[in-house]
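Dear colleague,

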Amino acid sequence: MALVQLGDVTVQRIVEHEIPVYHPSEFFDEATPEAVEPYRSWLTPKALCPRTGCMVMPVQSYLVRTRHHCILIDTCVGCHKTYAEPSEWHQRTNEVWLANLKAAGVNPEDVDYVFCTHLHSDHCGWNTRRVDGRWVPTFPNAKYVFARDEYVAMEEEYSEIFVDNVQPIAEAKQAVLVDLDYALDDEIWLEPTVGHSVGHVAIHLKSRERHAAMCGDLIHSPLQLAEPDWTCNSDYDLAASASTRRKFLATHCDTDTLVLTAHFPSPSMGHIVSAGDAVAQRNAYDFRYL
């Protein structure tokens, strides 16, 4: 995967897979075939598979290398994990993500920090791997930075995701629980973007006046640029999700901020730009891919 240079910081996508997964109507309650039709021409084939009608949504991490640290943002689905859906994520056995990380020149021992935008299955799966029948941290020398609100909510839910992907990190004393506006240093910090989950954060990078923001699941699909109020039906708070998304889009539209998306199709990185009738808040945004 190509490197992107942000001042003294480099950013690189580490992709686990990029496949058609959900029909828009399965993901967004508002996305009826009639509602999607006006956007189909520019979504197909990059973001909407012409064969299946499903959205093309990569699952990926961002490898960030600063002058001081090797950092991973989100850790995808992982292997041997039990997930209710989609079926493509359940009990995966290939280690393509780990191989892609090594191909980028990074071994698990090299990672200093893991940041999770939130703790859903496709963003924290490679936090751990199974060794001799038990889950252990994949990155033995890393501190795992979790938003405290997100961690507490997942601990209370005590799902398999928490037991497999998060609890072993705490037991290994590698978890660092932080506020939603935590800053590691002046090059990487969190922004509260609650809505998709109770402790969701965007992760900002800055070096030599170059700025990037990894939006996580604040925005899932290019469809939400045309329809910012369409919310994922698994969002924790639908109203907060829409409000936070609109704020993020308005803040970074027509700026130099490089937006690193979790699930936009390759190359997944680009800039939010104005489009359509911004006054009416319809079709107000587009995405200029790198």
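The count comes to 7 salt bridges, a salt bridge being a side-chain nitrogen of Lys or Arg within 4 Å of a carboxyl oxygen of Asp or Glu. Please note that this is a predicted model, in which local features need pLDDT of at least 70 and side-chain atom pairs count only at pLDDT 80 or more, while totals for chains, interfaces and linings use all residues. Residues are numbered from 1 along each chain as its sequence is written, and side-chain values use heavy atoms, with hydrogens and water left out.

Helices (H or I, at least four residues) and strands (E, at least two) are DSSP runs, numbered from the N terminus. For accessibility, buried means under 20% relative accessible area, exposed over 50%, and partly exposed in between (1.4 Å probe, protein chains only).

One of the salt bridges joins arginine 208 to aspartate 8, with 2.9 Å between the closest N and O atoms. This pair links distant parts of the chain, 200 residues apart: arginine 208 is in the loop between strand E12 (201-207) and strand E13 (210-216), and aspartate 8 is in the loop between strand E1 (3-6) and strand E2 (9-20). Arginine 208 is exposed at 64% relative accessibility, whereas aspartate 8 is partly exposed at 23%.

Another salt bridge is formed by glutamate 187 and arginine 67, whose closest N and O atoms are 3.5 Å apart. Here too distant parts of the chain are linked, 120 residues apart: glutamate 187 lies in the loop between strand E10 (183-185) and strand E11 (188-192), and arginine 67 in the loop between strand E3 (56-65) and strand E4 (70-73). Glutamate 187 is buried, with a relative accessible area of 6%, while arginine 67 is exposed at 55%. Asp8, Arg67, Glu187 and Arg208 are linked in a network of salt bridges.

Arginine 246 and aspartate 229 also meet through their side chains in a salt bridge (3.1 Å, N to O). Arginine 246 belongs to helix H10 (residues 238-252) and aspartate 229 to the loop between helix H9 (223-226) and H10, so the pair ties together parts 17 residues apart in sequence. Arginine 246 counts as buried at 19% relative accessibility; aspartate 229 is partly exposed at 41%.

As to the strands, two of them pair if DSSP finds at least two bridges between them. Strand E14 (residues 258-261) pairs with strand E15 (residues 269-274) in the antiparallel sense over 2 bridges, and valine 259 stands opposite glycine 270 in E15. E15 is also joined to strand E16 (residues 285-289) by 5 bridges, again antiparallel. In E16, tyrosine 289 is the bridge partner of glycine 270.

With kind regards
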